[in-house]
Amino acid sequence: MPQRPRLDIADARPPQALALVGSTGAPRRPSVEESFRLRTLESLALRDTASDPAFDDLTALTADALGLPMAWIGLVDAHRVWWKSQHGVPLCEAAREHSFSANAMLDDGVLEYSDVSTLPLARRLMVDGEAPGSRFLAGVALRHVDGTRLGALCVADHEPRQLDERQRRVLARLARQAERLIELHAARLAQTKASSEFRHLALAVRHTDNVVVIADAQGLATWVNPAFERVTGYRAEDVIGHTPGHLLQFPGSSELARAELREAVRSRQPCQVQILNRAKSGRTYWMNVDLQPLYGDRGEFEGFVSVETDITGLIRQREHARALLDVLPVGVLLQSRQAEILDANPAAHEILGMARGTLPGRNTRAVHWLTVDENDQPLPDDQRPLAQVLATGEATEPRRIGIRNGMGEQRWLDLRCVPLRGPDGEVEAALTCFNDITAAVRTDGMLKTAMGAADLGSWTWEPEEDRWWVSPNWSERFGPLQNNGRWLERVHGDDIPQAQAAMFALLRGEQATYRAEFRLRMGDGQWRWLLSYAAVAERSVHGRVLRVSGVLMDIDERRRAEERLRVAATTDALTGLPNRSLLADRLGQAQASCQRRRRLGALIYLDLDHFKRINDSHGHAAGDALLCELTRRLREALRIEDTLARMGGDELMVLLPDVGASATEAEAAAREVARKLRATLEVPVQVGALEYRVGASIGITVFPREDSPTVEDLIREADTAMYVAKQAERGSVRLYESTMREHVASRVALERALRLAIEQDQIRLHLQGQWTADGQMAGIEALARWQDPELGAVSPVDFIPVAEESGLILPLGRRVVEQACATARRLHDEGILVPLSVNVSPRQFTDPGFVAHLLQSVRDQGIAPSDLQLELTEGILADDASERLMNRLADEGFRFSIDDFGTGWSNLMYLKRLPVHELKIDRAFVRDVVDDADDAALVQAIIGIASRFGIQTVAEGVETPAQARFLLDAGCDRLQGWLFDRARPLADLLAAPRSQPAVA
């Protein structure tokens, strides 16, 4: 579709600088808040959309009804007015501040300017932007159903005029019709969304691990999803007509939960309970049951839906956590914001000298909870750990706190308080953990036990003497470290600077703690990543650091995993080559380097020719092995500084960061590299028992240039040059030129025209007969033909590849199937009882919706599946999924023909396994079958193979009696080609004789 012109006002002021005016000329504000209006407009998905015949008809009707040359529907955006439809207006959008539509949108009636030239200059500018040169303008606001103003229906004329009362009413009524069209558009959107949501919901219910049960008003199950059978072990029929509890609940279940469920069913109320169930195998498991009542569209009660989640693991985790908390030798308190103790573990009761179970409900601010600091001074309220957490929202640092416990004893605690946040991120409670450090020995033993269990090593360093100690559980890993300060000799050289900097920051007091990750050489000579935390443990009276203590953690696996993730993010998993992201990064660096050094680089785009055939014929494993071997060879053919990257599929790119100082030198060097790469690819590759030869189409672009292309521009240019090379001749090399854009643009234009042709049903079927030796029509092939109003007759050789590459083959294929079914119906009605062959592309055949659409089309026309013969290419035969699909359709009664047989890579065993009824001998073999002994031998072999498997044969492209005679003598069943007839419309075929003289 050609691009409509756009109004461009260079000195236009921003929308807020120019007030909108109403019919009185006074500044007006929209009747609703602007951001809400824009959101409403956005939700309707009307802007920047393809033309809509309903809207186009309305604007044309408006112009005709009022006898005016121009009419349009303008939707008012934040900064512009966009035409959803227009009649007689050359533009498609305009700046909002120069828009009559924006003014008409704000008026409550018909806004009319009988003669724009009589208006003041400022108002003329505001209304003259949409239809330049117009003297007369009129418009009516368009509103959403909720009253939101969206735009206006407007008309214009080049001459002054004035609407009479009837015309004003007509314009207003047509505006209401436009609003109805908008409502209808919104309803279609909502329906599409609802349908999609329903499909997604149905899919989710069937595939979820949650049990879903639908019950009637009495709580009796009417439907269960597959998860019910997997979780419970019962079949659906075991529970249908019963309450689920009839099978699953037992005396060990909570009677309270069971009673709550019964009451919810009785009162038709929702409820949520946790209940213990028993599977058919006897296994018990916990389920969270969410029971919700179901109501129909009219509000009538229909039953219940129960979503049940297996929370056995969660319950066990909770029980384990409770058990762990109970045996934990560290006191733990859960406190509310008001300092009330909500929960406490046994250790907390013991340390605080309280009887078991007496802490919950107490307030830690009570008088007898006297708290002191390290100097035994009462701790102010704002210095209490809980108060600090509530004030800052952050966890406190571990600190020493003294308390008098419930038995009046002074106990010292090593305590830390951390916040607990709710879903909104606000602090809801706090967890206080403390350890009784009154008995230092006991505390030290617990610390060693905990560090051993966590596989942590402790270390101590005395800076003045430069002496180190490491805990025994780690010293065995890498030998003693009391080596007179030679610790850093064991650290990897790349990691020493940051490890030293972090330590110096700690010693200078710039950081309260030390944290560093570094590699350390272990006793076996291997490097391992370690994480070290430390803090100052002792200072002199003058503040000098006397001792630093910390812990070591082995993080080697984590760091190696991070490195693997980094590599995975920047390299291709199959070949190990850099991916598109890494190539783009290196290309950007190369471009910057070339600009600094006044040098040139080059980017080469390779597309492996016919690689998909290998995947289709011999499987992806063979294709992957071939690709790995090819990329290995290509890397060896390049310099160390060059980059070979995989862009995806069979597309590769080569970055040459430096190929010369001039454009001529750079282009010659890049072409030479391309020649080497092609020579490398031409060497046969052995994969298993097969040998492959692979060519490549190559595109080249050189950088940098004066027009300063971006990284994406360069990739696109190389891709464009490669595309032109492929279109010219497989295996070609092309250097990017600016004129190539026109070539690509013509292909894009053809794609756009094809899309429109499919939408407007311009693709029609022509029919060509298939004839027997005695001159009888025994079959018909349906062939797509396109007669474009502007392009004329477009050959299938041109538009079918475009459809395949753009994805338009799917809507085109659906339309061809529908027309073929209708044609088969018509042939039957005319007494022509022969099968109709229709071509099906590989992409169409494997589309998830293909089978359903095919079956529905057959049913709609009332024909039998056997009336259609589906023509498939050889590549489909190698795909297991396609094999299953062919067998399924064959069971329905469809027949299959293999098109262009002999040009691909088919394994003959597929002909034995698959429901193939016909082989079509490619016209390339038929053309020279009389004169070329090789072609003659191939044709005879194909016919012999087909005969051996009981498959009939059809030869395409038969143009001479000699060809026909040879094929029939060889045993070919049917002939097709210009010798007998050409592809023609259905009416012409019906008018022509259905028999011819026998082939001489």
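Helix H24 gives the most to the lining of the largest cavity, with three residues. The model is a predicted one. The largest cavity has a volume of about 70 Å³, and the count of cavities of 30 Å³ or more comes to one. The points below take up this cavity, then a sheet with its helices, then a pair of packed helices.

**The cavity**

- The lining of the largest cavity consists of Leu-810, Arg-814, Val-817, Gln-844, Asp-847, Gly-849, Phe-850 and His-853.
- Two elements give two or more residues to this lining: helix H24 (809-829) and helix H26 (850-861).
- Sorted by class, the lining of the largest cavity has three nonpolar, three polar and two charged residues.

**The sheet**

- Five strands form an open sheet in the order S24-S25-S23-S28-S29, and their pairing is mixed.
- Strand S24 (643-648) and strand S29 (733-735) are at the edges with a single partner strand each, so one side of each has no neighbour in the sheet.
- From one strand to the next, the twist averages 20°.
- S24 and strand S25 (residues 651-660) run antiparallel and are joined by five bridges.
- Within this pair, Ala-645 is opposite Met-653 in S25.

**Helices on the sheet**

**Two packed helices**

- Two packed helices are described by the angle between their axes and by the distance between the axes.
- For helix H17 (residues 580-597) and helix H21 (residues 711-728), the angle is about 110° and the axes are 9 Å apart.
- Angles of 65 to 115 degrees count as roughly perpendicular, and H17 and H21 are therefore roughly perpendicular to each other.
- On the H17 side, the residues in contact are Arg-580, Ala-584, Leu-587, Gly-588 and Gln-591.
- On the H21 side, they are Val-711, Glu-712, Leu-714 and Ile-715.
- By class, five nonpolar, two polar and two charged residues make up the contact of H17 with H21.

Notes. Residues are numbered from 1 along each chain as its sequence is written. This is a predicted model: local features need pLDDT of at least 70, side-chain atom pairs count only at pLDDT 80 or more; totals for chains, interfaces and linings use all residues. Side-chain values use heavy atoms; hydrogens and water are left out. Axes are lines fitted to C-alpha atoms, for helices over the stretch in contact, and angles run from 0 to 180 degrees between N-to-C directions. Helices (H or I, at least four residues) and strands (E, at least two) are DSSP runs, numbered from the N terminus. Angles under 35 degrees count as roughly parallel, over 145 as roughly antiparallel, 65 to 115 as roughly perpendicular and the rest as oblique. Contact means heavy atoms within 4.5 Å. Ala, Val, Leu, Ile, Met, Phe, Trp, Tyr, Cys and Pro count as nonpolar, Asp, Glu, Lys and Arg as charged, and the others, Gly among them, as polar. On a 1 Å grid over the protein atoms alone, a cavity is a set of points where a 1.4 Å probe fits but cannot get out, and a pocket is an open set with protein on both sides within 12 Å along at least five of seven lines; lining residues have an atom within 4 Å of a point. Grid points are joined across faces, edges and corners, and a volume is the space filled by probe spheres set on the points. Two strands pair if DSSP finds at least two bridges between them.
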